[in-house]
Amino acid sequence: MKKVAIQGTAGSFHDIAAHKYFEGEEIELICCASFEEVFAAVKKDSKMIGMLAIENTIAGSLLYNNELLRQSGAQIVGEHKLRISHSFVCLPEEDWKDITEVNSHPIALMQCREFLSKHPEIKVVEAEDTALSAEIIRKKNLKGHAAICSKMAAERYGMKILQEGIETNKHNFTRFLVVADPWQADELNRHRKKEIDKASMVFTLPHTEGSLSQVLSILSFYNINLTKIQSLPIIGREWEYQFYVDIVFDNVLRYKQSITAITPLTKELKILGEYEDGKSSI
């Protein structure tokens, strides 16, 4: 049985993504209050696997998680793209007329802004987690409270679903990374028979004209497809940046050659993981 550390609680979207990614396998969830705790769990137990959101098609990137990943020494071994659908839920005996407050994670609230704008009488309160909001309302019997969470969380905690699919944009996907101790990475990919066709890396560049365009030109020459580039300032080094880059490729040899070619042009280049391009699920 695999142990998988997630941010959030049972019924959260991290829970759903973990079970989708490891479909058909037995997993034990280790629920953590923060992403820092997820990486701490992976560091403490070399056989622990971590799962964390890294970007959303509506909210954008979770920039802090990029930095946590870089600092952790953990390696990306896979990814999963999950369609996010939110439900508006309450205690079983209550209805619309009873609701005065809604609790959920800030990103979930943002993704349901249009729905919430139609209910100005309901107070919006940010919480730690979507599923945890439903769990707390149920356990404490908080009358007048609603939660925004997954349908799975509503069913798990015996909550009444007042409305499903309340997210503003129906093309709402979150990309989750699967991370592990570097010693486990190759074994996990071999065991799950994954084909390597994607990589994530981070590097800095000399503060000279055209330094980034040179790197991008070389990647293009080797037929490497850039799917994401994110810059973050380096604290204490004014006007210098770290570049987080995701690439996909159909030829591992050309990928290796491209990395060899760009290395002299970069500073502190680090491969964060080589893995299979994740598929989307509903």
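A residue is called buried here when its relative accessible area is under 20%, exposed when that area is over 50%, and partly exposed in between. In this predicted model, helix α1 (residues 13-21) is mostly covered by that criterion, with seven of its nine residues buried. The buried positions of α1 are Phe13, His14, Asp15, Ile16, Ala17, Ala18 and Tyr21.

## Domains and nonpolar cores

The domain assignment divides the protein chain into domain 1 (2-84 + 172-191), domain 2 (86-164) and domain 3 (198-275). Between the C-alpha centres of domain 2 and domain 3 there is a separation of 42 Å.

The largest nonpolar core comprises 42 residues, and Val4, Met51 and Val179 are those with the most contacts inside it. Because domain 1 (2-84 + 172-191) and domain 3 (198-275) both contribute residues to this core, it lies between them.

The surroundings of Val179 can be given in detail. When neighbours within four places in sequence are set aside, Val179 is in contact with Phe39, Met48, Ile49, Gly50, Leu52, Leu69, Ala74, Gln75, Ile76 and Val77.

Strand β7 has parallel pairings with two strands described here. With strand β8 (residues 123-126), β7 pairs in the parallel sense over four bridges; the bridge partner of Glu101 in β8 is Lys123. With strand β9 (residues 145-149), β7 also pairs in the parallel sense, over three bridges. The partner of Asn103 in β9 is Ala147.

## Cysteines

A disulfide is a covalent bond between the sulfur atoms of two cysteines. With a cut-off of 2.5 Å between cysteine sulfur atoms, the count of disulfides comes to zero. Cys90 is in no disulfide, and its nearest cysteine sulfur, that of Cys149, is 11 Å away. Cys90 has a relative accessible area of 0% and is therefore buried. Cys112 is likewise in no disulfide; for Cys112 the nearest cysteine sulfur is that of Cys149, 10 Å away. Cys112 is buried as well, since its relative accessible area is 0%.

## Individual positions

Glu135 is located in helix α6 (residues 130-140). Its relative accessibility is 13%, so Glu135 counts as buried. Leaving out residues up to four places away in sequence, Glu135 touches Thr9 and Tyr157. Glu135 and Ile16 are 119 residues apart along the chain, and their C-alpha atoms are separated by 16 Å. Ile16 is one of the buried residues of α1.

Gly60 belongs to strand β4 (residues 60-61). Gly60 counts as partly exposed because its relative accessibility is 27%.

The unreviewed UniProt entry carries the annotation "domain: ACT" for residues 200-276. Over residues 200-276, the chain is 29% helix and 40% strand, and the end C-alpha atoms are 11 Å apart.

Asn223, a residue other than glycine, has a positive phi near 60°. Asn223 is placed in the loop between α9 (211-221) and β13 (225-233). Glu268, which is not a glycine either, has a positive phi of about 60°, and Glu268 is found in strand β15 (residues 267-275).

| Residue | Relative accessibility | Class |
|---|---|---|
| Cys90 | 0% | buried |
| Cys112 | 0% | buried |
| Glu135 | 13% | buried |
| Gly60 | 27% | partly exposed |
| Asn223 | 54% | exposed |
| Glu268 | 54% | exposed |

Why does Asn223 count as exposed? Its relative accessibility is 54%, and the class begins over 50%.

Technical notes. Residues are numbered from 1 along each chain as its sequence is written. This is a predicted model: local features need pLDDT of at least 70, side-chain atom pairs count only at pLDDT 80 or more; totals for chains, interfaces and linings use all residues. Side-chain values use heavy atoms; hydrogens and water are left out. Domain bounds come from an automatic or database domain assignment. A nonpolar core is a set of buried Ala, Val, Leu, Ile, Met, Phe, Trp, Tyr and Cys residues joined through side-chain atoms within 4.5 Å. Buried means under 20% relative accessible area, exposed over 50%, partly exposed in between (1.4 Å probe, protein chains only). Contact means heavy atoms within 4.5 Å. Two strands pair if DSSP finds at least two bridges between them. UniProt positions are given in the numbering used here, feature names are shortened, and annotations may be inferred rather than shown by experiment.
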